[in-house]
Amino acid sequence: MQEDIQYYMRQCLNLAKDALESGNPPVGALIVLNGKIIGKGTESGKTTGDITNHAEILSIRDAIQNGYSDQLHLAIMYTTHEPCIMCSYMIRHHKIAEIIYGSSVPYVGGFTSKFNILNTEDVPKWGNKPKINSGILEDECNLLTAEFVKRLSK
């Protein structure tokens, strides 16, 4: 199982590198159902001018476009960074069962910030909270973030 997690996270890291090379924050996300990638997302909010183009949201949109909207509640999302508040809302709306991520995002993260949307059970229609597995390939994710910050300061 740990090999599978690292396999998918390495693919997320490759998507994050693509985002970084195009001038976006280095975030990549996948949605996996029964060992099959059903959705992919590469952060593109900065280059498209559309702040909703976060990797996690794009991976959900891709899975829906691929015909999996009714199976998202059985899927796992892999992402290089903790989903933000906006992405966490979408994750909960679609009832994604498990989130696996690398780096935490303490101020606006949907799990570690004071806006703990991924863990709340206060919204009845959201059902069960997703299982969270964090810190996967965290050093690699943090290196990409550091590179993005370095590029911003040039």
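A residue is called buried here when its relative accessible area is under 20%, exposed when that area is over 50%, and partly exposed in between, with a 1.4 Å probe and protein chains only. The model is predicted, so local features need pLDDT of at least 70 and side-chain atom pairs count only at pLDDT 80 or more, while totals for chains, interfaces and linings use all residues. Residues are numbered from 1 along each chain as its sequence is written, and side-chain values use heavy atoms, with hydrogens and water left out.

**First stop: Tyr78**

Select Tyr78, which lies in strand E3 (residues 76–81); helices (H or I, at least four residues) and strands (E, at least two) are DSSP runs, numbered from the N terminus. With a relative accessible area of 2%, Tyr78 is buried. Now display its contacts, meaning heavy atoms within 4.5 Å: leaving aside residues up to four places away in sequence, Tyr78 touches Ile5, Tyr8, Met9, Cys12, Gly28, Ala29, Leu30, Val32 and Ile100. Val32 is 46 residues from Tyr78 in sequence, yet the two C-alpha atoms are 7.8 Å apart in space.

**Second stop: the aromatic rings**

Rings of Phe, Tyr and Trp (its six-membered ring) pair if their centres lie within 6.5 Å, and planes under 30 degrees apart count as stacked, over 60 as edge-to-face and the rest as tilted. A search of the whole structure finds three such aromatic pairs. In one of them, Tyr7 and Tyr8 are edge-to-face, at 5.1 Å centre to centre and with 70° between the planes. Tyr8 is buried, at a relative accessible area of 8%, and ring pairs join Tyr7, Tyr8 and Tyr78 into a cluster.

Then select Tyr89 and Trp126, whose ring centres are 5.6 Å apart and whose planes stand at 75°, so that this pair is also edge-to-face. The pair links distant parts of the chain, with Tyr89 in helix H4 and Trp126 in the loop between strand E4 (98–103) and E5, 37 residues apart. Tyr89 counts as partly exposed at 47% relative accessibility, whereas Trp126, at 9%, counts as buried.

Two packed helices are described by the angle between their axes and the distance between the axes. The axes are lines fitted to C-alpha atoms, for helices over the stretch in contact, and angles run from 0 to 180 degrees between N-to-C directions. Helix H3 (residues 55–65) packs against helix H4 (residues 85–93) at an angle of about 25°, with the axes 8 Å apart. That makes H3 roughly parallel to H4, given that angles under 35 degrees count as roughly parallel, over 145 as roughly antiparallel, 65 to 115 as roughly perpendicular and the rest as oblique. To see the contact itself, select Glu56, Ile57, Ile60 and Arg61 in H3, which meet Met86, Cys87, Met90 and Ile91 in H4.

**Last stop: two loops**

Asn34 sits in the loop between strand E1 (28–33) and strand E2 (36–42), and Asn34 has a positive phi of about 50° although it is not a glycine. At 78% relative accessibility, Asn34 counts as exposed. Move on to Leu137, in the loop between strand E5 (131–133) and helix H5 (138–152), where phi is near 50°, again a positive value in a residue other than glycine. Leu137 is buried, with a relative accessible area of 11%.
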